[in-house]
Amino acid sequence: MKRRLAREITVQSLYQMEMNDVEANEAVTMLLSEAGGENESEVELSDMGTPEFVLELVNGVWEKKSEIDALLGDYLKGWQISRLSRVDRQVLRLAAYEMIFRDDAPAKVVVNEAIELAKHFGTTESGKFVNGVLGKMIQDIDQLKNK
């Protein structure tokens, strides 16, 4: 599975979990099934692979959600995490998780991916907003990783 698609499904899964109070496995399975059925992104089913990476991301974000939200709160000047749109919140959570708790993608790549996800799923201002928050966070990334 390509990482871009995995991140898209992760954001959608986190959204589903927050909206409908479903478990990670159920959300991911449903979204993979829909993606395969609708095939809007023209993804070959063989490219879909297994949902293991998506489940790692979804479970990781969900398990660290309180810690991530507290961290994001320090970078949301004039905003509270609970007041953000659900899409922006999930994109920021995923990006923060990948930058701080994982080492398999450079922080700049994670930020760029998050901006693209925010533009795709969010409002016209979501990309700029996500860029602003993560741009501040990336400056402190070494300190944040060592906490």
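This is a predicted model: local features need pLDDT of at least 70, side-chain atom pairs count only at pLDDT 80 or more; totals for chains, interfaces and linings use all residues.
1. Helix H4 (residues 52-63) packs against helix H6 (residues 86-101) at an angle of about 100 degrees, and their axes lie 10 Å apart. An angle of 65 to 115 degrees counts as roughly perpendicular, so that is the label for H4 relative to H6.

2. Now look at who touches whom. From H4, the residues are Glu56, Leu57, Gly60 and Val61; they meet Arg93, Leu94, Tyr97 and Glu98 of H6. Sorted by class, this contact has four nonpolar, one polar and three charged residues.

3. Keep an eye on the spacing. Residues three or four places apart on an α-helix point the same way, because there are 3.6 residues a turn.

4. How far does H4 reach from its first C-alpha to its last? The answer is 16 Å for its 12 residues, close to the 16 Å expected at 1.5 Å a residue. Phe53, Val54, Leu55, Leu57, Val58, Gly60 and Val61 are the buried residues of H4.

5. Next, the inside. The largest nonpolar core has 49 residues, and Leu72, Leu92, Met99, Leu134 and Met137 touch the most other members. At least two core residues come from each of H1 (3-20), H2 (24-38), H4, H5 (65-73), H6, H7 (107-121), H8 (126-139) and H9 (141-145). H6 gives the largest share, nine residues. In soluble globular proteins, nonpolar side chains tend to be buried together.

6. Leaving aside neighbours within four places in sequence, which residues is Leu72 in contact with? They are Ile81, Leu92, Arg93, Ala96, Val133 and Met137.

Methods. Residues are numbered from 1 along each chain as its sequence is written. Side-chain values use heavy atoms; hydrogens and water are left out. Axes are lines fitted to C-alpha atoms, for helices over the stretch in contact, and angles run from 0 to 180 degrees between N-to-C directions. Helices (H or I, at least four residues) and strands (E, at least two) are DSSP runs, numbered from the N terminus. Angles under 35 degrees count as roughly parallel, over 145 as roughly antiparallel, 65 to 115 as roughly perpendicular and the rest as oblique. Contact means heavy atoms within 4.5 Å. Ala, Val, Leu, Ile, Met, Phe, Trp, Tyr, Cys and Pro count as nonpolar, Asp, Glu, Lys and Arg as charged, and the others, Gly among them, as polar. The expected span of a helix is 1.5 Å times one less than its number of residues. Buried means under 20% relative accessible area, exposed over 50%, partly exposed in between (1.4 Å probe, protein chains only). A nonpolar core is a set of buried Ala, Val, Leu, Ile, Met, Phe, Trp, Tyr and Cys residues joined through side-chain atoms within 4.5 Å.
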